[in-house]
Amino acid sequence: MTPSAQRNEERRADRNAERLGDRVFSGLSRGSGIALLAIMAAIAVFLAIRAVVAISRNEGNFLTTFQWDANADPPVFGIAVLLFGTVVSSVIAMVLAVPVAIGIALFISHYAPRRVAATFSYLVDLLAAVPSIIYGLWGALYLVPHMTGLYEWLDQFFGWTGIFAYDGTPARSLMTVGILLAVMILPIITSVTREVFRQTPKGHQEAALALGATRWEVIRMTVLPFSRSGVISASMLGLGRALGETMAVATVLSPSFLINASLLESGGATFAQNIASQFKEAGSMGRDALIASGLVLFLLTLLVNGAARLIIARRKEYSGTAA
């Protein structure tokens, strides 16, 4: 065999080996995706079967009843308070956390000196690893006693709205829970957003600077549009944790099955907190009822993720691949 033919044969062998590796990787990736979908489907089927058993025996309206007495005979329970508390506390957390997270991420990626940025990045990543129960203990022992002054100020200037009326009770309310959740999800959103900002093409930023743009104009015209989908993804990741947070909420919130007009009044409940607090004492019917509420939380999380995907799909022109 001539040297040229031998080289051609070696190239063909290399290409065949590369194709085999690509096929193996493709198969593993496809199999992992299918396995993930199968696991999610199995979870959904399990939750649905147990939920149907509970709902079929429920004497109350599952969607509108302001009561949770699943161990009674007959059982009476509903998710109205749980849904309200979960959504309201998560919305409060997102309103407080997302703007602050974007500001911190911009400071780390575009304003802070390198050493300062490295230190802040380390601290943010460290906060993201703190267990939930630690946040819960901090919230119960420090945050709750120090919220009274803020609540009195809100009541003085905004109490006329009814939403911020305060009656002097301990600050174990949905507002406190929302603030605690904001602190918890802040490191996650900041960390992801920071990395997204750093992926902005240098050429875009340098072109804006060459045209005479200020640093803020560079951020507004290049960094923020390019990173919009990534920021939405980071926010949805934080929202997912806020929706499903259990121990921290159970430690801080004073549970009650009432929907208060004021966010500052003690009481309220969330899906995860109710499951954690009720599961130990629940009987067979009580566990099925808790599983039914878990199914609603499961569907709520899927809806949030689906909405995020739709928002991102509508803004493909800002994605990194389009850039």
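Helices α6 and α8 are roughly antiparallel to each other, because their angle falls over 145 degrees. The angle itself is about 150 degrees, and the axes lie 8 Å apart. Here α6 covers residues 174–198 and α8 covers residues 215–244. Helices are DSSP runs of H or I, at least four residues, numbered from the N terminus. Axes are lines fitted to C-alpha atoms over the stretch in contact, with angles from 0 to 180 degrees between N-to-C directions.

This is a predicted model, so local features need pLDDT of at least 70 and side-chain atom pairs count only at pLDDT 80 or more, while totals for chains, interfaces and linings use all residues. Residues are numbered from 1 along each chain as its sequence is written, and side-chain values use heavy atoms, without hydrogens and water.

Back to the pair. α6 passes α8 in a right-handed crossing, that is, the near helix is turned clockwise from the far one by less than a right angle. On the α6 side the contact, meaning heavy atoms within 4.5 Å, includes Leu-181, Ile-188 and Phe-197. On the α8 side, Phe-226, Gly-230 and Arg-241 are among the partners. By class this contact has 15 nonpolar, 5 polar and 1 charged residues. Nonpolar is Ala, Val, Leu, Ile, Met, Phe, Trp, Tyr, Cys and Pro; charged is Asp, Glu, Lys and Arg; the others, Gly among them, are polar.

Where is the kink in α8 centred? On Arg-228, with a bend of about 55 degrees, taken between axes fitted to the seven residues ending there and the seven starting there. The expected span is 1.5 Å times one less than the number of residues.

α8 also packs on α11, residues 284–313, with the axes within 10 Å and crossing at roughly 175 degrees. This pair is therefore roughly antiparallel too. Ile-232, Met-236 and Leu-243 of α8 are among the residues that meet α11, whose side includes Leu-300 and Val-304. The contact divides into 10 nonpolar, 2 polar and no charged residues.

On to α4, residues 132–143, whose axis comes within 11 Å of that of α6 and crosses at roughly 140 degrees. That makes α4 oblique to α6. The crossing is right-handed.

Last, α2, residues 80–111, reaches 45 Å, close to the 46 Å expected. A kink of about 25 degrees lies at Ala-97, shortly before Pro-99.

Conventions: Helices (H or I, at least four residues) and strands (E, at least two) are DSSP runs, numbered from the N terminus. Angles under 35 degrees count as roughly parallel, over 145 as roughly antiparallel, 65 to 115 as roughly perpendicular and the rest as oblique.
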